Amino acid sequence: MFRSPGMLIGALIMAFSINGKLALVILVVIPLLALSIGIILKTAFPRFTVMQKKIDRINSGIQEALTNVRVIKSFVRGDYEEEKFKKMNQDLKDSSLNAMKVVMATMPVMTLAMNVTTLAVVWYGGNMIIGGSMQVGDLTAFTTYIVQILMSLMMLSMVFLQCSRALASVKRINEVMDTEIDLTDADAARKD
């Protein structure tokens, strides 16, 4: 989380110090990449929230079945409970796959941006080399800095995706912690 912004800033400074005109390619790509990551995060957060609720539901179902295992056996309801668990498990699987599809879309978007940016830099840099305004070694160094910038953006996007997943968990934990307790000692004969 702290390493990637440092790498991003350092590589940007170095890229602009090598060639300011060529570095403008990065200033076009970064906002587009930030926009696509923002859209992915906006789509992912509600899906992770739904997934967290499904995990809660399956945990409650398992806890209920374990607590009442004798009742289930005595009323011969094992098949019913297995079917109920299969439905909850399938529901969780579907919502998890739904959420993970968004996460999986991040890598192709980042790779496409990385390759298009590298292609643009090599093309414009090659024209500058042919024109005599840039050295071959500068283009090689610049390409390295571009890859470093885009890799740090990729790391940041993964951190943000994990944060969106963690926020869904934190939201659920806060809901559990803020739940009003039904059983109180207000009307008890002996108050602890």
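**Legends to close-up views of a predicted all-chain model**

**View 1. Burial and surface of the protein chain.** Of the 192 residues in the protein chain, 29% are buried; buried means under 20% relative accessible area, exposed means over 50%, and partly exposed lies in between (1.4 Å probe, protein chains only). The structure is a predicted model, in which local features need pLDDT of at least 70 and side-chain atom pairs count only at pLDDT 80 or more, while totals for chains, interfaces and linings use all residues. Residues are numbered from 1 along each chain as its sequence is written, and side-chain values use heavy atoms, with hydrogens and water left out. The protein chain exposes about 12,900 Å², of which carbon and sulfur atoms supply 65%; accessible areas come from the Shrake-Rupley method with a 1.4 Å probe, and for residues only the protein chains shown count as cover.

**View 2. Helices and overall dimensions.** The protein chain contains 5 helices and 0 strands, in the order α-α-α-α-α from the N terminus. The radius of gyration of the protein chain is 27 Å, well over the 16 Å from the globule rule for 192 residues, so the chain is more spread out than a compact globule. That radius is taken over C-alpha atoms, and the globule rule is 2.2 Å times the number of residues to the power 0.38. Helices (H or I, at least four residues) and strands (E, at least two) are DSSP runs, numbered from the N terminus. Along the principal axes, the C-alpha atoms fill a box of roughly 90 × 45 × 20 Å.

**View 3. Lys 54 in helix α2.** Lys 54 belongs to helix α2 (residues 20–67). Leaving out residues up to four places away in sequence, Lys 54 touches Asp 91, Leu 92 and Ser 95, where contact means heavy atoms within 4.5 Å. The C-alpha atoms of Lys 54 and Asp 91 are 7.2 Å apart in space, and the two residues are 37 apart in sequence. For the protein chain, 82% of contacts between residues at least 6 apart in sequence join residues at least 24 apart.

**View 4. The loop residue Val 76.** Val 76 lies in the loop between α3 (69–74) and α4 (78–131). Its phi is near 50°, a positive value in a residue other than glycine. Val 76 counts as exposed, at 71% relative accessibility.

**View 5. The ring pair of Trp 123 and Tyr 124.** The count of aromatic pairs comes to 1. The ring centres of Trp 123 and Tyr 124 are 4.9 Å apart and their planes stand at 65°, so the pair is edge-to-face. Rings of Phe, Tyr and Trp (its six-membered ring) pair if their centres lie within 6.5 Å; planes under 30 degrees apart count as stacked, over 60 as edge-to-face and the rest as tilted. Trp 123 is exposed at 52% relative accessibility, and Tyr 124 is partly exposed with a relative accessible area of 43%.

View 6. Met 1 is in the segment before α1 (3–18) and is exposed at 62% relative accessibility. Met 1 and Met 158 are 157 residues apart along the chain, with their C-alpha atoms separated by 9.5 Å. Arg 190 is in the segment after α5 (136–177) and is exposed, with a relative accessible area of 75%. From C-alpha to C-alpha, Arg 190 and Met 104 are 57 Å apart in space, at 86 residues apart in sequence.
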